[in-house]
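The following questions and answers concern one protein structure. Please study the sequence and the model before reading on.

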Amino acid sequence: MNEETSLMWQIACFCVCGALLGVLYEPLRILRLIIPHHSFITGVEDTVYLSLCGVVLFGLSMETGNGNFRLSYLLAAFVGGVVYFLTVGRLIKIIYSAVIKTVFKAVKLIGRKLLRILTEMKRRFRSSYIFLT
């Protein structure tokens, strides 16, 4: 394999890796949608995520780049992540946002009905208890 093909293969690997790291970020986005976080906790989560990204990209560069690390690897991973977030990531976010909102609405509706039933049972219990004494 000549040098140009090898470099193109390496860049393609890093583009795919960037997209996969974007997929890895989705659980954090879902968690933040379900449970609102303080900015400090969000910063800690992002720091852990970026550390993981650094380790993954370093390992991939050592494996595919034969021990060399090039700036083009980071740019390719960035491009792969941006492409993911602007295409499939946007669609996935729309879908899970809608699902989570629907689940929250259903839980809220069920909670209201249960609360109404419990308050009615409490009212009946109190009225029957008064007549017993």
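Q: In which helix does Arg116 lie?
A: The model is a predicted one. In this model, Arg116 falls within the run of residues 88-132. That run is helix α4.

Q: Is Arg116 buried or exposed?
A: A residue counts as exposed when its relative accessible area is over 50%. Arg116 has a relative accessibility of 54%, so Arg116 is classed as exposed.

Q: Which residues gather with Arg116 in a patch of positive charge?
A: Lys and Arg count as positive. On the surface, a patch of positive charge includes Arg116. The residues that gather there with Arg116 are Lys108, Arg112 and Lys113.

Q: What is the distance between the closest N and O atoms of Arg32 and Asp46?
A: Side chains of opposite charge can pair when their charged atoms come close. A salt bridge requires a side-chain nitrogen of Lys or Arg within 4 Å of a carboxyl oxygen of Asp or Glu. Arg32 and Asp46 form such a salt bridge, and their closest N and O atoms are apart by 2.6 Å.

Q: Which helices hold Arg32 and Asp46?
A: The salt bridge between Arg32 and Asp46 links distant parts of the chain, the two residues being 14 residues apart. Arg32 belongs to residues 3-34 and Asp46 to residues 39-64. The helices are, respectively, α1 and α2.

Q: Why are Arg124 and Glu120 separated by about one helical turn?
A: Arg124 forms a salt bridge with Glu120, with 3.1 Å between the closest N and O atoms. Both residues lie in helix α4. Their separation is about one helical turn because their spacing in this helix is four residues.

Q: Are the rings of Tyr84 and Phe85 stacked or edge-to-face?
A: Planes over 60 degrees apart count as edge-to-face. The ring centres of Tyr84 and Phe85 are 5.3 Å apart and their planes stand at 70°. The pair is therefore edge-to-face.

Q: Which residues form one aromatic cluster with Tyr84 and Phe85?
A: Tyr84 is buried, with a relative accessible area of 7%, whereas Phe85 is partly exposed at 30%. Both belong to one aromatic cluster. The cluster also holds Tyr25 and Tyr49.

Definitions and conventions: Residues are numbered from 1 along each chain as its sequence is written. This is a predicted model: local features need pLDDT of at least 70, side-chain atom pairs count only at pLDDT 80 or more; totals for chains, interfaces and linings use all residues. Side-chain values use heavy atoms; hydrogens and water are left out. Patches are made of residues with over 30% relative accessible area and no salt bridge: like charges are joined within 9 Å, nonpolar side chains (Val, Leu, Ile, Met, Phe, Trp, Tyr) within 5 Å. Accessible areas come from the Shrake-Rupley method with a 1.4 Å probe; for residues, only the protein chains shown count as cover. The place of a charge is taken as NZ of Lys, CZ of Arg, CG of Asp or CD of Glu. Buried means under 20% relative accessible area, exposed over 50%, partly exposed in between (1.4 Å probe, protein chains only). Rings of Phe, Tyr and Trp (its six-membered ring) pair if their centres lie within 6.5 Å; planes under 30 degrees apart count as stacked, over 60 as edge-to-face and the rest as tilted.
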